[in-house]
Amino acid sequence: MTTPQRALKPAMHTAHSFPPDLGTDLRDWLTAQAHERSLRWLLAHTDAGVIWGEYREDEDGKLHLSHEALPHAMPVPISLDWLTLQQARLFDVAGEVRLWHDGQQWHATLLTDQQANDATGYYFDEPHLLWGWWLERDDESAAGFFLL
């Protein structure tokens with residue numbers, strides 16, 4: 001079996017750190033970041049499990065979460081809040097906002113890729129399933145989320 005060839009594309013990464021607003025509800029803060037920075041996908045790790053999300057500005061401007069769309073698929077109750085969050089990433093082609101706690105305080109960083117003129121770095125541009133290998137039920141969708 002052969003592996004398909006993938007084109008390497010030069011990239012230059014830029015990072016900008018900024019403090020998260022802990023006085024704001026976490027979902028509201030993430031929604032504001034997604035809207036302001038044109039980011040669509042959320043991957044959050046919490047004490048209870050993993051949350052996938054999608055910001056849908058064209059529909060209703062809200063952050064839709066997998067555990068709300070598919071509550072029957074969650075073995076334990078799960079929530080998106082500052083107390084149980086371990087880390088979160090909002091991402092799309094525009095870049096990524098990474099949010100994490102170092103044991104003492106919260107940090108947020110915006111990462112973006114820009115075309116490099118001197119080929120200082122490379123990345124692979126390829127599609128991936130976000131979780132699993134196949135659809136559990138190909139005829140049933142819960143608010144745009146599927147069990148894989």
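A salt bridge, as I use the term here, is a side-chain nitrogen of Lys or Arg within 4 Å of a carboxyl oxygen of Asp or Glu.

**Ground rules.** I am working from a predicted model, in which local features need pLDDT of at least 70 and side-chain atom pairs count only at pLDDT 80 or more, while totals for chains, interfaces and linings use all residues. Residues are numbered from 1 along each chain as its sequence is written, and side-chain values use heavy atoms, with hydrogens and water left out.

**Overall layout.** I looked up the secondary structure (DSSP runs numbered from the N terminus, helices being H or I of at least four residues and strands E of at least two) and found 2 helices and 9 strands. Read from the N terminus, the order of elements is β-β-α-β-β-β-α-β-β-β-β. I then checked burial, where buried means under 20% relative accessible area, exposed over 50%, and partly exposed in between, with a 1.4 Å probe and protein chains only; buried residues make up 32% of the 148 residues. For contacts, meaning heavy atoms within 4.5 Å, I noted that among those with a separation of 6 or more, 61% are between residues 24 or more positions apart. The accessible surface, from the Shrake-Rupley method with a 1.4 Å probe, comes to about 9,900 Å², and 53% of this area belongs to carbon and sulfur atoms.

**Salt bridges.** Side chains of opposite charge can pair when their charged atoms come close. My search of the whole structure returned 6 salt bridges, and I followed up some of them below.

**Glu68 and Arg27.** In this salt bridge the closest N and O atoms are 2.6 Å apart. Glu68 lies in helix H2 (residues 66-69) and Arg27 in helix H1 (residues 26-37), so the pair ties together parts that are 41 residues apart in sequence. I record Glu68 as partly exposed at 43% relative accessible area, and Arg27 as partly exposed at 24%.

**Glu96 and Arg89.** I find these side chains joined by a salt bridge with an N to O distance of 2.9 Å. Glu96 counts as buried at 17% relative accessibility, whereas Arg89, at 27%, is partly exposed.

**A network.** I also noted that Arg40, Glu54, Arg56 and Glu59 are joined into one network by salt bridges that share partners.

**Glu59 and Arg56.** Glu59 is exposed, with a relative accessible area of 56%, while Arg56 is buried at 7%.
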